[in-house]
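Student: I'd like to learn how to read a helix and its packing from a model. Can you walk me through one?

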Amino acid sequence: IKGINDNENEIKEFSKIIENTEADFVEIKAYMFLGYSRNRLKKENMPSHEEVKEFTKQILKNMNNFEEEDEDEKSRIVLLRNKKTKFTTKILVDK
């Protein structure tokens, strides 16, 4: 959430939490100005996709086990992949 949990201390905490999981994939998602949240937050709290990418870049600086795997600009999501996972998001086709 832009202006709420995107500061240096929060980035370090998110990095620790993610790094300590055994997750294969983690999605970094932007807050979206929808539903009941509009009563508590402002449209300005919704980061752009570029801001989500920068946030992700900062998180990855603090982690060893994850890397960027994919992204969806329209949805403002960046997918992280655990480097140790045996799974892939890519479809492999035998020829």
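This is a predicted model: local features need pLDDT of at least 70, side-chain atom pairs count only at pLDDT 80 or more; totals for chains, interfaces and linings use all residues.

Student: Which residues of α1 are buried?

Tutor: Buried means under 20% relative accessible area and exposed over 50%, with partly exposed in between (1.4 Å probe, protein chains only). Helices are DSSP runs of H or I, at least four residues, and strands are E runs of at least two, numbered from the N terminus. In α1 (residues 8-19), the buried ones are I11, S15, I18 and E19.

Student: Why do they line one face of the helix?

Tutor: An α-helix has 3.6 residues a turn, so residues three or four places apart point the same way. Here the buried residues of α1 fall within an arc of 95° seen down the axis (from directions to the C-beta atoms), so they line one face. N9 and I17 are exposed on the face turned away from the buried side.

Student: What do the buried residues of α1 pack against?

Tutor: Contact means heavy atoms within 4.5 Å. The buried residues of α1 pack against β1 (25-29), α2 (49-61) and β2 (66-72). I59 touches I11, F14, S15, I18 and I28, leaving out residues up to four places away in sequence.

Technical notes. Residues are numbered from 1 along each chain as its sequence is written. Side-chain values use heavy atoms; hydrogens and water are left out.
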